[in-house]
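You asked for a quick tour of this one before you dig in. Here are my notes, in the order I would go through them with the model open on screen.

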Amino acid sequence: MQVMRADTAVVNDFFHWPLFRLAEELLARFRARNTEQVIRFELLRVHVPAFSEEAFRELVTNALTHRDYDVPGAVHVRWADDRIEITNPVAPAAGPPPGTALTGPPRPRNPLLADAFRRAGIAQRTGHGIGRAVADQLRHGLAAPRFGHPTERTIVATLPATPADLAFARYVAARERLGRPLGRADLQLVTALRQTHRLRTAQAAALLGVDRSQARAQLISLLHAGLVQVGGDGAGRTWHLTDQVHRDLRECAAHVRAQTGIDHPATPATPAPPASPASPGWAIPGGGPALPHRPRAADGG
């Protein structure tokens, strides 16, 4: 794990550890460095992190379970000022980056290893970690992860360090509170429409990684939900956000402006316990996942 400030490495640690211990250590270090803002929705406090913990967890798990262990190299986590990069080595014929396949059944490169991570509770059991990483970044008003294949033996997953769209995060939290949550594809489409103002069906299909008929069905479901409207016809058909969505977002932005910078500045997320040999609850001397302290029951209890 490497932490960069400008061109200087302020942390540069290399671990030769079992994979479970390594995953928990990287997550603990992420929690200690991640920051968050808090906004209110009615009586709820909505925590908006700088990076989604769920996304980071899934990308690290993906790197550890999908890397090719016959290829020399290591998994690298590089935390720079403008991004977090997770790099893992792969074989030359590994195929496209994982972010290009958001739908369909999971195809882990190391099925037994992936199942072990799910049984240990480090990864979710559904096998769609990339989709969850995308959804959780977007639901917090953050940029979606990016995936690249810069060399034939390397795959890079990137979490961009863009400022959170707090108004959109509040809008998503309000829909969840009302029992109308947005799914991963819905979040992708609504976020894209906020940025580009209009989409063609072919553009939506490319964004979601599906064919035109599936993209059209997803857009029609948003149309029935009152989130998008359609303009034009035939080849000139485009999709737009409805006026009601724009009004709701403006109302959320007004609430956020009244809160941020005064009552709820950015605060560090709750850090993980320090990795000290003397700390109680550590299963492995010198570090490793913190275990909950369970006092022994009294005799005869």
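**Notes on the sheet, the helices and the cores**

1. Start with the open sheet: six strands in the order 2-1-5-6-8-7, with mixed pairing. Strand 2 (8-12) and strand 7 (146-151) are the edge strands; each has a single partner strand, so one side of each has no neighbour in the sheet. On average, and ignoring direction, neighbouring strands here are turned by 25° against each other. Keep in mind throughout that this is a predicted model.

2. Now zoom in on one end of that sheet. Strand 1 (residues 2-5) pairs with strand 2 in the antiparallel sense, over four bridges. Which residue of strand 2 is the bridge partner of arginine 5? That would be threonine 8. As background, strands of a sheet pair through backbone hydrogen bonds, and they can do so either parallel or antiparallel.

3. Next, look at what lies across the sheet. Helix 1 (residues 19-33) lies across strand 1, strand 2, strand 5 (76-79) and strand 6 (83-89). Its direction is at about 5° to that of strand 5.

4. Helix 1 turns up again at helix 3 (residues 111-119), where it is part of what covers the buried residues, along with helix 2 (53-66). Those buried residues are Ala114, Phe117 and Arg118. They span an arc of only 100° around the axis, which places them on the same side of helix 3. Leu112 and Arg119, on the other side of helix 3, are exposed. Just past the end of helix 3 comes glycine 121, with a positive phi of about 80°.

5. Which of its residues are buried? Thr201, Ala204, Ala205 and Leu208. Viewed down the axis of helix 7, these fall within an arc of 100°, so they line one face of the helix. Their cover includes helix 6, helix 8 and strand 10. Glycine 209 follows helix 7, and its phi is positive, near 75°.

6. On to the largest nonpolar core, which has 29 residues. The members that touch the most others are Phe168, Tyr171, Leu187, Leu189, Leu227 and Val228. At least two residues each come from helix 4 (129-139), helix 5 (166-177), helix 6 (184-196), helix 7 (201-208), helix 8 (212-224), strand 10 (238-241) and helix 9 (243-259). Which of these gives the most? Helix 6, with six residues.

7. Leaving aside neighbours within four places in sequence, leucine 189 is in contact with Leu199, Ala204, Leu207, Leu208, Gln218, Leu219 and Leu222. Two of the names in that list, Ala204 and Leu208, are also among the buried residues of helix 7. Apart from this core lies another, of 27 residues, including Val11, Leu22, Ala23 and Leu159.

8. Finally, the whole chain. There are nine helices and 13 strands in the protein chain. Of its 301 residues, 42% are buried. If you take contacts between residues at least 6 apart in sequence, 59% of them join residues at least 24 apart. The accessible surface comes to about 16,100 Å², and carbon and sulfur atoms account for 53% of it.

Notes. Residues are numbered from 1 along each chain as its sequence is written. This is a predicted model: local features need pLDDT of at least 70, side-chain atom pairs count only at pLDDT 80 or more; totals for chains, interfaces and linings use all residues. Side-chain values use heavy atoms; hydrogens and water are left out. A nonpolar core is a set of buried Ala, Val, Leu, Ile, Met, Phe, Trp, Tyr and Cys residues joined through side-chain atoms within 4.5 Å. Buried means under 20% relative accessible area, exposed over 50%, partly exposed in between (1.4 Å probe, protein chains only). Contact means heavy atoms within 4.5 Å. Accessible areas come from the Shrake-Rupley method with a 1.4 Å probe; for residues, only the protein chains shown count as cover. The arc is that of the directions from the helix axis to the C-beta atoms. Two strands pair if DSSP finds at least two bridges between them. Axes are lines fitted to C-alpha atoms, for helices over the stretch in contact, and angles run from 0 to 180 degrees between N-to-C directions.
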